[in-house]
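Subject: Structure for you to look at

Hello,

Here is the structure I promised. Please open it and keep it beside you while you read my notes.

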Amino acid sequence: MLATAGSAAMPRRRLRAIHGVAVLAALVAAGSVFGLFNRFGVVDGPGRAERQLIATVDLRIGNPAVAAERGEAKARADIEAGLLQVRSFAAEAPKDADVAARLKRWKQRYGIEWVVKTDEATPLAQAFADGYNRVMRAEIERRHGHEVAQRLQRELDEASARAASLASSKETS
(Lines give C-alpha, C1' and ligand atoms only; values in the text may rest on other atoms or scores of the structure.)
Protein backbone atom coordinates (compact mmCIF):
# COMPACT_ATOMS: atom_id res chain seq x y z
CA MET A 1 0.00 0.00 0.00
CA LEU A 2 1.06 3.38 -0.82
CA ALA A 3 0.64 6.17 1.58
CA THR A 4 -0.16 9.53 0.15
CA ALA A 5 1.26 12.68 1.53
CA GLY A 6 -2.07 14.03 2.82
CA SER A 7 -3.27 10.90 4.54
CA ALA A 8 -0.84 10.24 7.28
CA ALA A 9 -1.81 7.31 9.41
CA MET A 10 -3.36 8.64 12.64
CA PRO A 11 -3.79 6.45 15.62
CA ARG A 12 -7.44 5.78 16.49
CA ARG A 13 -8.65 7.17 19.83
CA ARG A 14 -9.95 4.79 22.37
CA LEU A 15 -13.67 5.13 23.38
CA ARG A 16 -14.17 6.21 26.93
CA ALA A 17 -17.13 5.49 29.17
CA ILE A 18 -18.32 9.09 28.88
CA HIS A 19 -18.68 8.67 25.12
CA GLY A 20 -20.91 5.66 25.65
CA VAL A 21 -23.06 7.57 28.13
CA ALA A 22 -23.35 10.51 25.73
CA VAL A 23 -24.48 8.24 22.88
CA LEU A 24 -27.04 6.51 25.11
CA ALA A 25 -28.39 9.85 26.40
CA ALA A 26 -28.75 11.14 22.84
CA LEU A 27 -30.64 8.00 21.81
CA VAL A 28 -32.99 8.26 24.81
CA ALA A 29 -33.65 11.95 24.10
CA ALA A 30 -34.35 11.28 20.42
CA GLY A 31 -36.62 8.36 21.34
CA SER A 32 -38.52 10.56 23.80
CA VAL A 33 -39.04 13.29 21.21
CA PHE A 34 -40.27 10.81 18.60
CA GLY A 35 -42.50 9.16 21.19
CA LEU A 36 -44.09 12.51 22.08
CA PHE A 37 -44.54 13.38 18.41
CA ASN A 38 -46.31 10.08 17.91
CA ARG A 39 -48.44 10.51 21.01
CA PHE A 40 -49.66 13.98 20.04
CA GLY A 41 -50.14 13.11 16.40
CA VAL A 42 -47.38 15.26 14.93
CA VAL A 43 -45.89 12.39 12.97
CA ASP A 44 -49.18 11.07 11.62
CA GLY A 45 -50.40 12.39 8.31
CA PRO A 46 -53.67 14.16 7.58
CA GLY A 47 -55.50 10.82 7.18
CA ARG A 48 -55.87 10.28 10.92
CA ALA A 49 -58.60 12.09 12.86
CA GLU A 50 -57.37 14.74 15.24
CA ARG A 51 -57.75 14.05 18.93
CA GLN A 52 -59.91 16.55 20.74
CA LEU A 53 -59.37 17.81 24.22
CA ILE A 54 -62.54 17.79 26.28
CA ALA A 55 -62.73 19.66 29.56
CA THR A 56 -65.35 21.18 31.81
CA VAL A 57 -64.99 24.53 33.45
CA ASP A 58 -66.98 25.49 36.52
CA LEU A 59 -68.04 29.07 35.92
CA ARG A 60 -69.96 29.56 39.14
CA ILE A 61 -68.72 32.60 40.95
CA GLY A 62 -69.29 31.43 44.48
CA ASN A 63 -69.24 28.33 46.52
CA PRO A 64 -71.84 27.87 49.31
CA ALA A 65 -69.31 26.12 51.56
CA VAL A 66 -66.92 29.08 51.28
CA ALA A 67 -69.79 31.51 51.88
CA ALA A 68 -70.74 29.60 55.05
CA GLU A 69 -67.12 29.77 56.25
CA ARG A 70 -67.10 33.53 55.62
CA GLY A 71 -70.35 33.84 57.58
CA GLU A 72 -68.84 31.91 60.48
CA ALA A 73 -65.74 34.13 60.44
CA LYS A 74 -67.90 37.28 60.39
CA ALA A 75 -69.94 35.95 63.33
CA ARG A 76 -66.77 35.30 65.35
CA ALA A 77 -65.58 38.84 64.62
CA ASP A 78 -68.96 40.25 65.69
CA ILE A 79 -68.89 38.21 68.90
CA GLU A 80 -65.43 39.59 69.70
CA ALA A 81 -66.82 43.08 69.05
CA GLY A 82 -69.65 42.38 71.51
CA LEU A 83 -72.49 42.08 68.97
CA LEU A 84 -75.11 39.36 69.07
CA GLN A 85 -77.09 39.30 65.84
CA VAL A 86 -79.24 36.86 63.98
CA ARG A 87 -79.73 37.15 60.23
CA SER A 88 -82.79 36.16 58.25
CA PHE A 89 -84.43 36.94 54.93
CA ALA A 90 -87.92 38.26 54.32
CA ALA A 91 -89.71 39.38 51.17
CA GLU A 92 -90.39 42.71 52.85
CA ALA A 93 -89.56 44.31 56.18
CA PRO A 94 -91.81 43.11 59.01
CA LYS A 95 -94.61 45.64 59.51
CA ASP A 96 -96.57 43.68 62.06
CA ALA A 97 -96.63 45.33 65.52
CA ASP A 98 -96.33 41.92 67.17
CA VAL A 99 -93.16 41.13 65.21
CA ALA A 100 -91.68 44.54 66.00
CA ALA A 101 -92.43 44.06 69.69
CA ARG A 102 -90.83 40.61 69.65
CA LEU A 103 -87.68 41.95 67.99
CA LYS A 104 -87.50 44.76 70.55
CA ARG A 105 -87.95 42.23 73.38
CA TRP A 106 -85.06 40.08 72.06
CA LYS A 107 -82.86 43.18 71.96
CA GLN A 108 -83.79 44.39 75.46
CA ARG A 109 -83.86 41.04 77.24
CA TYR A 110 -80.91 39.23 75.67
CA GLY A 111 -79.03 41.89 73.66
CA ILE A 112 -79.77 40.00 70.43
CA GLU A 113 -80.44 42.10 67.37
CA TRP A 114 -82.40 40.56 64.54
CA VAL A 115 -81.20 41.69 61.11
CA VAL A 116 -83.80 41.11 58.41
CA LYS A 117 -82.54 41.27 54.82
CA THR A 118 -85.20 42.13 52.28
CA ASP A 119 -83.04 41.08 49.35
CA GLU A 120 -83.77 37.81 47.60
CA ALA A 121 -82.12 34.91 49.37
CA THR A 122 -79.61 33.57 46.88
CA PRO A 123 -77.93 30.25 47.71
CA LEU A 124 -74.71 32.06 48.61
CA ALA A 125 -76.45 34.65 50.78
CA GLN A 126 -78.45 31.93 52.51
CA ALA A 127 -75.28 29.87 53.10
CA PHE A 128 -73.56 32.96 54.56
CA ALA A 129 -76.53 33.62 56.88
CA ASP A 130 -76.70 29.95 57.92
CA GLY A 131 -73.00 29.89 58.81
CA TYR A 132 -73.33 33.19 60.65
CA ASN A 133 -76.41 32.03 62.59
CA ARG A 134 -74.81 28.68 63.45
CA VAL A 135 -71.93 30.39 65.27
CA MET A 136 -74.22 33.01 66.84
CA ARG A 137 -76.66 30.37 68.06
CA ALA A 138 -73.82 28.53 69.81
CA GLU A 139 -72.73 31.77 71.48
CA ILE A 140 -76.31 32.62 72.49
CA GLU A 141 -76.69 29.13 73.92
CA ARG A 142 -73.44 29.56 75.84
CA ARG A 143 -74.48 32.95 77.26
CA HIS A 144 -78.22 32.54 77.83
CA GLY A 145 -78.87 28.81 77.94
CA HIS A 146 -80.30 26.10 75.73
CA GLU A 147 -83.97 27.16 76.05
CA VAL A 148 -83.34 30.67 74.75
CA ALA A 149 -81.36 29.29 71.82
CA GLN A 150 -84.17 26.84 70.98
CA ARG A 151 -86.80 29.58 71.14
CA LEU A 152 -84.66 31.74 68.89
CA GLN A 153 -84.23 28.86 66.43
CA ARG A 154 -88.01 28.30 66.34
CA GLU A 155 -88.58 31.95 65.54
CA LEU A 156 -85.87 31.84 62.86
CA ASP A 157 -87.57 28.82 61.29
CA GLU A 158 -90.96 30.57 61.41
CA ALA A 159 -89.48 33.68 59.79
CA SER A 160 -87.88 31.58 57.05
CA ALA A 161 -91.17 29.76 56.43
CA ARG A 162 -93.05 33.09 56.23
CA ALA A 163 -90.48 34.50 53.80
CA ALA A 164 -90.72 31.38 51.63
CA SER A 165 -94.54 31.48 51.59
CA LEU A 166 -94.56 35.20 50.71
CA ALA A 167 -92.05 34.61 47.92
CA SER A 168 -94.07 31.73 46.49
CA SER A 169 -97.32 33.72 46.67
CA LYS A 170 -95.67 36.61 44.79
CA GLU A 171 -94.45 34.21 42.08
CA THR A 172 -97.93 32.78 41.52
CA SER A 173 -99.62 36.18 41.29
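Which residue forms a salt bridge with glutamate 72? The partner is arginine 134, and their closest N and O atoms are 2.9 Å apart. Bear in mind that the model is predicted.

This pair links distant parts of the chain. Glutamate 72 is in helix α2 (residues 64–80), and arginine 134 is in helix α4 (residues 123–144). They lie 62 residues apart. Glutamate 72 counts as buried, at 18% relative accessibility. Arginine 134 is partly exposed, at 46%.

The count of salt bridges comes to 7. Here are two others to find.

- Arginine 142 meets glutamate 139, at 2.6 Å from N to O. The two are 3 residues apart in helix α4, so about one helical turn separates them. Arginine 142 is exposed, at 61%. Glutamate 139 is buried, at 11%. Elsewhere, salt bridges with shared partners join Glu72, Arg76 and Arg134 into one network.
- Lysine 107 pairs with glutamate 113, with 3.9 Å between the closest N and O atoms. Lysine 107 is partly exposed, at 43%. Glutamate 113 is partly exposed too, at 32%.

Now turn to the surface. Where is the positive charge gathered? Arg105, Arg109, Arg151 and Arg154 form a patch there. Helices α3 (97–110) and α5 (146–172) each supply at least two of the patch residues. Arginine 154 is found in helix α5. Its relative accessible area is 47%, so arginine 154 counts as partly exposed.

Best wishes

Methods. Residues are numbered from 1 along each chain as its sequence is written. This is a predicted model: local features need pLDDT of at least 70, side-chain atom pairs count only at pLDDT 80 or more; totals for chains, interfaces and linings use all residues. Side-chain values use heavy atoms; hydrogens and water are left out. Patches are made of residues with over 30% relative accessible area and no salt bridge: like charges are joined within 9 Å, nonpolar side chains (Val, Leu, Ile, Met, Phe, Trp, Tyr) within 5 Å. Accessible areas come from the Shrake-Rupley method with a 1.4 Å probe; for residues, only the protein chains shown count as cover. A salt bridge is a side-chain nitrogen of Lys or Arg within 4 Å of a carboxyl oxygen of Asp or Glu. Lys and Arg count as positive and Asp and Glu as negative; His and the chain ends are not counted. The place of a charge is taken as NZ of Lys, CZ of Arg, CG of Asp or CD of Glu. Helices (H or I, at least four residues) and strands (E, at least two) are DSSP runs, numbered from the N terminus. Buried means under 20% relative accessible area, exposed over 50%, partly exposed in between (1.4 Å probe, protein chains only).
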